[in-house]
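Visitor: I have a few questions about this model. Can we go through them one at a time?

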Amino acid sequence: MAEEEQQQITPDYVNQLTGPTDQFYCMLEHNVYNLQFTDFQIRSLDEGCAGVLFHLGRGDTPAPPPPEIGADACRFIRYHFGPDFLEYNTIGTTLEFTNGPYEVHNFRMIERHYFRDQLITSYDFTMPFVIPNTKNTWEMIYTKPLLSEEWKEALRSAPWEAKSDSFYFVGDTLIMHNRAEYNYGY
């Protein structure tokens, strides 16, 4: 995306997107804060079936992205959760990250999930302040949307057609953009 186009990518803009992006909306160099994700965990918080569903730490190798992602593979991930994931109601994520030499004010993540170009749900989380040169943990709780059995079956039968965009802002400036695809099949 050209520099002048990147300047127009605001939280309001991404909250109006009606489908997943087919490109990254900022360059890696826009992360001037040197925020680095070092550990990520997803777990069920549902009573009776709480537990870790996915974990990726530094040095772990995620599933390979599609070949067309190319050099941007470091900001694209594929999750193969399996069909049971669609039955959980509440998901917790723990994101561990480091910050470089600058203070970060209003670190905001907007995450939008789509299936076949239709918005399923959107989440918006803000961390008011991040101290320079620190290792941090950000806990986020997601209440998943209620899906009909027809929607669940469509998701299960269409591997990698569920997609998401995660946009990271400091104030109103986009500094990172990650993309993901999901497989809920057997």
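This is a predicted model: local features need pLDDT of at least 70, side-chain atom pairs count only at pLDDT 80 or more; totals for chains, interfaces and linings use all residues.

Visitor: Where does E111 sit?

Guide: E111 lies in strand β5, residues 104–115. Strands here are DSSP runs of E with at least two residues, helices are runs of H or I with at least four, and both are numbered from the N terminus.

Visitor: Is E111 buried or exposed?

Guide: E111 is buried, at a relative accessible area of 11%. Buried means under 20%, exposed over 50%, and partly exposed in between, with a 1.4 Å probe and protein chains only.

Visitor: What does E111 touch?

Guide: Leaving out residues up to four places away in sequence, E111 touches T121, S122, Y123, Y142, D165 and S166. Contact means heavy atoms within 4.5 Å. D165 is 54 residues from E111 along the chain, yet their C-alpha atoms are separated by 5.7 Å.

Visitor: Which polar contacts does the E111 side chain make?

Guide: One is with the side chain of H113, at 2.7 Å. Another joins the side chains of E111 and S166 at 3.3 Å. A polar contact is a pair of N or O atoms within 3.5 Å; within protein, one must be able to donate a hydrogen and the other to accept it, and residues adjacent in sequence count only if both atoms are side-chain atoms.

Visitor: Switching to helix α3, which residues are buried?

Guide: In α3, residues 149–156, the buried ones are K152, A154, L155 and R156.

Visitor: And what covers them?

Guide: The cover includes β5, β6 (118–130) and β8 (162–170).

Visitor: What is the strand order in the open sheet?

Guide: The order is β2-β1-β4-β7, four strands with antiparallel pairing. β2 (51–57) and β7 are at the edges with a single partner strand each, so one side of each has no neighbour in the sheet. On average, neighbouring strands of this sheet are turned by 15° against each other, direction ignored. Axes are lines fitted to C-alpha atoms, for helices over the stretch in contact, and angles run from 0 to 180 degrees between N-to-C directions.

Visitor: How many bridges join β1 to β4?

Guide: Eight, between residues 36–44 and 90–98. Two strands pair if DSSP finds at least two bridges between them. I42 has T93 in β4 as its bridge partner.

Visitor: And β4 to β7?

Guide: Nine bridges, again antiparallel. There, E96 stands opposite T137 in β7.

Notes:
Residues are numbered from 1 along each chain as its sequence is written. Side-chain values use heavy atoms; hydrogens and water are left out.
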